[in-house]
Structures are given as C-alpha cells and as structure tokens.
Amino acid sequence: MPIAVDIDVMLARRKMSVGELADRVGITPANLAVLKNGRAKAVRFATLAALCEALECQPGDLLRWEAEDTAGE
C-alpha cells in the first residue's frame, strides 16, 4: 500500500507503549496494532486527531506516501 504508517517511530520517540497509547486514544491495542502495522483500510479523522494529541505530533508525522514498486508489471 502506498501509505506508510509511522506510529512505531513516534512511540519510540515518546518512549510510550502500544498499550499506553491505546488507552490514551480510546481504542483497543489490537486495533492500534492493525493501524500500526499498515493493515488498516481506513482511519477515522477522530482517531487520527486523538493519536496526534496523545503523541503531540502532526498527521504527517504518522502517515506518509510511498510510491508503489511497479517494476514487476
């Protein structure tokens, strides 16, 4: 997927665990793991805003676009 999720980078910078972030945001650690590992199909703006508030960052610190590798086509 061309959208990469860098929640793990921000967690490391903030020295915060997945469980602690999930508690602060109000989602389950399992749902946060799905988002963190790039398996989510969508994210609500309210959830993104809560992540940014808890991690004291901007949405661009959590999400970035990567070009897809089309060499195999």
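Predicted model: local features only at pLDDT ≥ 70, side-chain atom pairs only at ≥ 80, totals over all residues.

Residues are numbered from 1 along each chain as its sequence is written, and side-chain values use heavy atoms, with hydrogens and water left out.

**The core**

Start with the largest nonpolar core, which has 19 residues. (A nonpolar core here is a set of buried Ala, Val, Leu, Ile, Met, Phe, Trp, Tyr and Cys residues joined through side-chain atoms within 4.5 Å; buried means under 20% relative accessible area, exposed over 50%, and partly exposed in between, with a 1.4 Å probe and protein chains only.) Ile7, Leu21, Leu51, Leu55 and Leu62 have the most contacts inside this core. Two or more residues each come from helix 1 (7-14), helix 2 (18-25), helix 3 (29-36) and helix 4 (45-55), and helix 4 gives the most, with six. Helices (H or I, at least four residues) and strands (E, at least two) are DSSP runs, numbered from the N terminus.

Take Leu21: setting aside neighbours within four places in sequence, its contacts (heavy atoms within 4.5 Å) are Ile7, Leu11, Met16, Leu32, Leu51, Ala54 and Leu55.

**Helix 4**

The buried residues of helix 4 are Thr47, Leu48, Ala50, Leu51, Cys52, Ala54 and Leu55. They pack against helices 1, 2 and 3, plus helix 5 (59-62) and strand 2 (63-65). Thr47 is buried at 17% relative accessible area, and touches Val25 and Ile27, not counting residues up to four places away in sequence.

**Salt bridges**

How many salt bridges are there (a side-chain nitrogen of Lys or Arg within 4 Å of a carboxyl oxygen of Asp or Glu)? The count comes to three.

| Pair | Closest N to O |
|---|---|
| Arg24 and Glu20 | 2.7 Å |
| Glu66 and Arg64 | 2.3 Å |

Shared partners join Asp6, Arg64 and Glu66 into one network. Within it, Asp6 is buried at 13% relative accessibility, whereas Arg64 is partly exposed at 36% and Glu66 partly exposed at 35%. Arg64 in strand 2 and Asp6 in the loop between strand 1 (3-5) and helix 1 are 58 residues apart. Arg24 and Glu20, by contrast, both lie in helix 2, four residues apart, about one turn.
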